[in-house]
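Subject: Model handed over, with notes

Hello,

Here is the structure for your set. My notes follow below it.

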Amino acid sequence: MLQEGEQERGKWTTNLLVEGNRMLGELVITDAHIYFKSQYLISLESVVRMGVFKQYGNDAEQMLCIPRKSVSRITAEEK
C-alpha cells in the first residue's frame, strides 16, 4: 500500500460513509497520502444477503488514496 519513501504516521480500523453506504476498513495516514482499504460493506442489504443467502464473499474491497496535500481539514465525528 505504501509508496517508496513514505512513512506511516498512524493506522486505525474505522468506518467510512460514502453516498449512504458504510464501509468498514483500515485507515492509514502517511506523510504523503491518506489510504482507506475497505474490507466490508456494512449495510442492511449486505447483512441480509449474508444471513439469508449465506453469501460471505467480500465484494466491497476497494482502495481509496488521497494525496495529503489535497486535504485541508480532518474532523472526527462521534455518535
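Two strands are taken to pair if DSSP finds at least two bridges between them. With that in hand, Ser38 has Gln62 in E4 as a bridge partner. Please keep in mind throughout that this is a predicted model.

Overall fold

The protein has 1 helix and 4 strands. In sequence order these give the pattern β-β-β-α-β. Of its 79 residues, 19% count as buried.

The sheet

The strands form an open sheet of 4, ordered E1-E2-E3-E4, with antiparallel pairing. E1 and E4 are the edge strands, each pairing on one side only. On average, neighbouring strands in this sheet are turned by 25° against each other, direction ignored.

Going through the pairs in sheet order:

- E1 and E2 run antiparallel and are joined by 10 bridges. Within this pair, Leu17 stands opposite Arg22 in E2. The two strands make a hairpin with 2 residues between them, and in that hairpin Glu19 takes a positive phi near 50°.
- E2 and E3 are also antiparallel, with 8 bridges. Gly25 has Ser38 in E3 as its bridge partner. This pair is a hairpin too, again with 2 residues between the strands.
- E3 and E4 pair in the antiparallel sense over 6 bridges. Phe36 stands opposite Leu64 in E4, and Ser38 is bridged to Gln62 of E4.

Individual residues

A polar atom of the Thr30 side chain lies 3.1 Å from the backbone nitrogen of Ala32. Ile29 has a relative accessible area of 12% and is therefore buried, because the cut-off for buried is under 20%. The C-alpha atoms of Ile29 and Trp12 are separated by 8.9 Å, with the two residues 17 apart along the chain.

As a general point, side chains in a regular strand alternate between the two faces of the sheet.

Leu64 belongs to strand E4. Its relative accessibility is 38%, so Leu64 counts as partly exposed: the value falls between the limits of 20% and 50%. From Leu64 to Ser38 the C-alpha separation is 8.2 Å, and 26 residues set them apart along the chain.

Is Ser70 buried or exposed? Ser70 is exposed, with a relative accessible area of 54%, because exposed means over 50%. Ser70 is found in the segment after E4. The C-alpha atoms of Ser70 and His33 are 9.1 Å apart, while the residues are 37 apart along the chain.

The largest pocket

How much space lies in the largest pocket? The volume is about 680 Å³. Its lining is made up of 19 residues, and those nearest its centre are Thr14, Asn15, Leu16, Leu17 and Thr75. By class, the lining has 12 nonpolar, 3 polar and 4 charged residues.

Strands E1 (8–18), E2 (21–30), E3 (33–42) and E4 (62–67) each supply at least two residues of the lining. E1 gives the most, with 4 residues. Leu17, one of the residues nearest the centre of the pocket, is also the one that stands opposite Arg22 in E2.

Regards

Technical notes. Residues are numbered from 1 along each chain as its sequence is written. This is a predicted model: local features need pLDDT of at least 70, side-chain atom pairs count only at pLDDT 80 or more; totals for chains, interfaces and linings use all residues. Side-chain values use heavy atoms; hydrogens and water are left out. On a 1 Å grid over the protein atoms alone, a cavity is a set of points where a 1.4 Å probe fits but cannot get out, and a pocket is an open set with protein on both sides within 12 Å along at least five of seven lines; lining residues have an atom within 4 Å of a point. Grid points are joined across faces, edges and corners, and a volume is the space filled by probe spheres set on the points. Ala, Val, Leu, Ile, Met, Phe, Trp, Tyr, Cys and Pro count as nonpolar, Asp, Glu, Lys and Arg as charged, and the others, Gly among them, as polar. Buried means under 20% relative accessible area, exposed over 50%, partly exposed in between (1.4 Å probe, protein chains only). Axes are lines fitted to C-alpha atoms, for helices over the stretch in contact, and angles run from 0 to 180 degrees between N-to-C directions. A polar contact is a pair of N or O atoms within 3.5 Å; within protein, one must be able to donate a hydrogen and the other to accept it, and residues adjacent in sequence count only if both atoms are side-chain atoms.
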